[in-house]
Amino acid sequence: MNAVDIIIKKRDKQELSKEEINFFIQGIAKKEIPDYQAAAWAMAVLLNGMTDQETTDLTLAMAHSGQMIDLSHVIPNEVDKHSTGGVGDKTTLVVEPTVSACGLPVAKMSGRGLGFSGGTLDKMESIPGFRTQLSEEEFIHLIQTTGLVLAGQTADLAPADGILYALRDVTGTVPSIPLIASSVMSKKIAGGAHAIVLDVKVGKGAFMKNLDDARQLSRLMVSIGKLSGRKVVALLSDMNQPLGNAVGNALEVKEAIATLHGHGPADFTAHCIEVASHMLVVGGKAADLAEAKRTVEEALAAGRSWAQFRKLVVNQGGDVSYVDDPEKLARAPLIETVAAPRSGFIQEINAQVVGETSVELGAGRIKKGDPIDPAVGIIIQHKVGDQVKEGEPLFTIHANDKQKLAAARERLLDAHVIENQTCAPLPLFYGVLN
Ligand code: URA
């Protein structure tokens, strides 16, 4: 067996056996298969797809490519959540402390930015000192003692996914149902969560552009999770426009902090309450969604979610003075607010264009290992359906370079479609699968 034959087989649209998938994934994890072969294989999978059996084998091969954390002897009812990637999606920053404040331990395995979508690790690293690379011992110790941990993949946890994830980010191989399903579920299975809420994004700013694909991805992930003995629920959530107002790392941390204090954007707050509530139900902490929502809203209103967020920052080495006073977080040298070019109703705010613009400003990576600038990004002032008047603020750009700012201004003006006719607001969710 060799890597080239496996790439050729997938290129020629044939089904890979479990042995071939295991060989390839082990080769990636042991660094015996170089990046260029892994990237070529990922492109062949993106173009030619995989059967459900291949995707399941791929997920299990990636989950077993490193350490498998077993938390059942430590904590019997620990939950995790995972988003398939969106724009302005800072949900984990609010949901994790909230669920933990409601008494359910959350061991969160997060990722970095992927393509035009942001990543939780990059966001949290805007807080000086915050460490996301934890050893397995530290991960288990924190979940055991504080019920709250947020980490990236250790070199040992689903390492094949870690390597492929970074390659896919910069090789145009993100939007593939088998690659996303296996990437998400391998981390969740290796990370040891007993119950998992999947936030499956659908729309222009998601990797799944339509509901059929999002449903197919959800069904696959739910069935892989169940095969591994986990309780899994998938929420289909809208990603046609950015979630909340802020896009960009430090800007999103600020917005999450405002939300934890009760004054975040209405759509983002409602989204977080829904995701957190499903986590309480699937984690066995609430009998139904209505009870879960009351508990979650109470934790937020009483400041317990905020207290847990602070604790998370302190536990993982972050300088808490930056979250106590978010104005201390990195601030871009160039900040410009752009006015609405005409009056009317907002029909569209293209989330993919907003995400790509944020990456071009420096909030994401164009090449593997690129540094990111935590300060840059965009504040979108409106939501689809809002009425705007010519000259009133439409969005604010935070940039570190005049040319990038000018390019962002043009792209973001194009991303906003304003017409005379009224337009209904977008829904937050399209359904639930379990
Ligand atoms: N999140 C992941 O962890 N992997 C993907 O491929 C997409 C979103």
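The following legends describe close-up views of a predicted model.

Residues are numbered from 1 along each chain as its sequence is written, and side-chain values use heavy atoms, with hydrogens and water left out. Because the model is predicted, local features need pLDDT of at least 70 and side-chain atom pairs count only at pLDDT 80 or more, whereas totals for chains, interfaces and linings use all residues.

View 1. Lys13 has a phi near 65° and is placed in the loop between α1 (3-11) and α2 (18-29); helices (H or I, at least four residues) and strands (E, at least two) are DSSP runs, numbered from the N terminus. Lys31 has a phi near 60° and is found in the loop between α2 and α3 (35-48). Most residues other than glycine have a negative phi. Lys13 is exposed, its relative accessible area being 65%. Lys31 is likewise exposed, at 67%. Here buried means under 20% relative accessible area, exposed over 50%, and partly exposed in between (1.4 Å probe, protein chains only).

**View 2. The salt bridge between Asp80 and Lys188.** The structure holds 22 salt bridges, a salt bridge being a side-chain nitrogen of Lys or Arg within 4 Å of a carboxyl oxygen of Asp or Glu. In the pair shown, the closest N and O atoms of Asp80 and Lys188 are 2.8 Å apart. Asp80 belongs to strand β1 (residues 79-83) and Lys188 to helix α9 (residues 177-191), so the pair ties together parts that are 108 residues apart in sequence. Asp80 is buried, with a relative accessible area of 2%. Lys188 is also buried, at 0% relative accessibility.

**View 3. The salt bridge between Asp122 and Arg112.** The N to O distance in this pair is 2.8 Å. Asp122 sits in helix α6 (residues 120-124) and Arg112 in the loop between β2 (106-109) and α6, the two being 10 residues apart. Asp122 counts as buried at 4% relative accessibility, whereas Arg112 is partly exposed at 24%.

**View 4. The salt bridge between Lys383 and Asp267.** The side chains of Lys383 and Asp267 meet at 2.8 Å, N to O. This pair links distant parts of the chain, with Lys383 in the loop between β9 (377-380) and β10 (387-388) and Asp267 in helix α12, 116 residues apart. Lys383 is buried at 16% relative accessibility, and Asp267 is buried with a relative accessible area of 15%. Elsewhere in the model, salt bridges that share partners join Arg112, Asp122, Glu125 and Arg365 into one network.

**View 5. The surroundings of Arg112.** Arg112 lies in the loop between β2 and α6. Neighbours within four places in sequence left aside, the residues in contact with Arg112 are Gly118, Gly119, Leu121, Asp122, Glu125, Thr132, Gln133, Tyr165 and Arg365; contact means heavy atoms within 4.5 Å.

**View 6. The packing of helices α12 and α13.** Two packed helices are described by the angle between their axes and the distance between the axes. Helix α12 (residues 266-282) packs against helix α13 (residues 289-301) at about 120°, and their axes are 8 Å apart. Axes are lines fitted to C-alpha atoms, for helices over the stretch in contact, and angles run from 0 to 180 degrees between N-to-C directions. The two helices are therefore oblique to each other (under 35 degrees counts as roughly parallel, over 145 as roughly antiparallel, 65 to 115 as roughly perpendicular and the rest as oblique). The crossing of α12 and α13 is right-handed, meaning that the near helix is turned clockwise from the far one by less than a right angle. On the α12 side, the residues in contact are Ile273, Glu274, Ala276, Ser277, His278, Leu280 and Val281, and these meet Leu289, Ala292, Lys293, Thr295, Val296, Glu297 and Leu300 in α13. The contact residues divide into 8 nonpolar, 3 polar and 3 charged, where Ala, Val, Leu, Ile, Met, Phe, Trp, Tyr, Cys and Pro count as nonpolar, Asp, Glu, Lys and Arg as charged, and the others, Gly among them, as polar.
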